[in-house]
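Please open the model in the viewer and keep the sequence at hand. The stops below proceed from aromatic side chains to a pair of helices.

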Amino acid sequence: MKTYRALAALLDYPDEALLEALPELAETIESEAIVPSAERARLLAFLGQLQGSDLMALQEHYVELFDRSRALSLHLFEHIHGESRDRGQAMVELKQIYASKGLELSARELPDYLPVLLEYLSLCKPREAAKLLGETAHVLVMIHAALARRRSYYTNVFAALLAAAGLEAPEEEMEATSPDDTPEALDAAWAETPAFGPRAGAALCGAPSSWQSPSPRPPAGC
């Protein structure tokens, strides 16, 4: 399922290669139709916007969003474990799961990075990928809400992810949410419940029993 790889590319740091690949990404998203039609149309419009954008401006916007805000972190374990010791163990466990199915990460890649998860989902069967994506919904909704408050076009990518899991972005809930850059909001973000349910990955693809609720990584190789 190349659509998940396309979404991974859209959520990674934008570069020349991304801009050159936009027509191919759009064709993949359209042809596979994993994303429902309404969200797919908005996503494709977003790709059209990217194609006519200045690369440096895109890069600055990306850094401002995802590298400078905890609420928008694309490292999912930050939303689940924070800086606790559990996060390190969960990372080790997840990396081993990826490696067992041939998904090797570079030294600079962290396994809880959302684009890496999407790369993994591209290896799963459609139903299994959608189910696992649904396990991350709590975190995806929080990030989508924070992006919506900033009126960022990246909301289209997260709306597409939620739709691919059979879910909708809760517009009313987003409008009622307080800004995420206050101390109170940051404290609340760290106190959120885990996005993945107990042994979520194990339920999908036979992950080891150590895959506990605070560890949001899917067992690779469905």
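Select Tyr13, Phe46, Tyr62, Phe66, Tyr153 and Tyr154: together these residues form one aromatic cluster. The model is predicted, so local features need pLDDT of at least 70 and side-chain atom pairs count only at pLDDT 80 or more, while totals for chains, interfaces and linings use all residues. Residues are numbered from 1 along each chain as its sequence is written, and side-chain values use heavy atoms, leaving out hydrogens and water.

Rings of Phe, Tyr and Trp (its six-membered ring) pair if their centres lie within 6.5 Å; planes under 30 degrees apart count as stacked, over 60 as edge-to-face and the rest as tilted. By this rule there are seven aromatic pairs. Next, keep Tyr62 and Tyr154: their ring centres are 6.1 Å apart and their planes stand at 70°, so this pair is edge-to-face. Tyr62 belongs to helix α4 (residues 55–67) and Tyr154 to the loop between α9 (137–149) and α10 (155–164), so the pair ties together parts 92 residues apart in sequence. Helices here are DSSP runs (H or I, at least four residues), numbered from the N terminus.

Now select helix α2 (residues 16–32) and helix α3 (residues 37–51). They pack at an angle of about 170°, with axes 10 Å apart; the axes are lines fitted to C-alpha atoms over the stretch in contact, and angles run from 0 to 180 degrees between N-to-C directions. The two helices α2 and α3 are therefore roughly antiparallel (over 145 degrees).

Notes:
Parallel < 35°, antiparallel > 145°, perpendicular 65-115°, else oblique.
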